[in-house]
Every structure is written in structure tokens, then in C-alpha cells.
Amino acid sequence: MLQLRPNCECCDADLPPEAANARICSFECTFCASCADGDKLAGHCPNCGGELVARPRRPAAKLAANPASTEALHKPLGCV
Ligand SMILES: [Zn+2]
Ligand SMILES: [Zn+2]
């Protein structure tokens, strides 16, 4: 199951499971759209070099049984 991490690794912006501006790579590194799509990352994950794509939103009815991750990762050093 996809981890829905609660924040952007670069700027620590909140990314709740319903966020439309969450971006994610194949390793589930998670970023906000302004970091992912901006000049800083230009659509690529700074950790693995893979593509960042829009994170699918889990239907609210499924979140109770399959909750989003609460484990925040913040690694701004990779984002300069
Ligand atoms: Zn960000
Ligand atoms: Zn990655």
C-alpha cells in the first residue's frame, strides 16, 4: 500500500491525504507541487532521480481502515 506521507521532504509543507498538490516518486518520496515542479527539482526526485508524479488521493471512505502515514520525513539538504 502506498504510504501517504504527511509533508513535503523539502519545505515541510503539510500534505494531507486529500492534497491535490502532492507529488511522489516510485520510492514514495513525497514533495509538494511547488518544490517538485519548480526549478529546484524540475520534476525529479532528489533522492533517487526518478520521476515525480501527482500522488493519487485515497478515497475518504478508505482512509479509516487504511490511514495515511504520520511519519514525517524532512530532508531539505537534498533539495538545494
Ligand atoms: Zn515543498
Ligand atoms: Zn525518490
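Predicted model: local features only at pLDDT ≥ 70, side-chain atom pairs only at ≥ 80, totals over all residues.
I started with C35: at 3% relative accessibility it counts as buried (under 20% relative accessible area is buried, over 50% exposed, in between partly exposed; 1.4 Å probe, protein chains only). C32 also counts as buried, at 3%.

Residues are numbered from 1 along each chain as its sequence is written, chains are lettered from A and ligands numbered from 1 in the order in which they are written, and side-chain values use heavy atoms, with hydrogens and water left out.

Next I looked up the zinc ion (ligand 1). Its protein donors are C8, C11, C32 and C35, each through SG, 2.2 to 2.4 Å away (donors are N, O and S atoms within 2.8 Å of the metal, 3.2 Å for Na, K and Ca; water is not among the atoms, so sites may look incomplete). I get angles of 103 to 117 degrees among the 4 donor atoms, hence a tetrahedral site (four donors, all angles between 85 and 135 degrees). The sequence spacing reads C-x2-C-x20-C-x2-C.

Then the zinc ion (ligand 2): C25, C29, C45 and C48 donate through SG at 2.3 to 2.8 Å. Here the angles run from 85 to 154 degrees, and the site is irregular. C29 counts as buried at 8% relative accessibility, while C48 counts as partly exposed at 33%.

Last, I checked C10: leaving aside neighbours within four places in sequence, its contacts (heavy atoms within 4.5 Å) are F31, C35, L41, H74, P76 and C79.

Terms used. Tetrahedral: all angles 85-135°; square planar, octahedral: opposite > 155°, others 65-115°.
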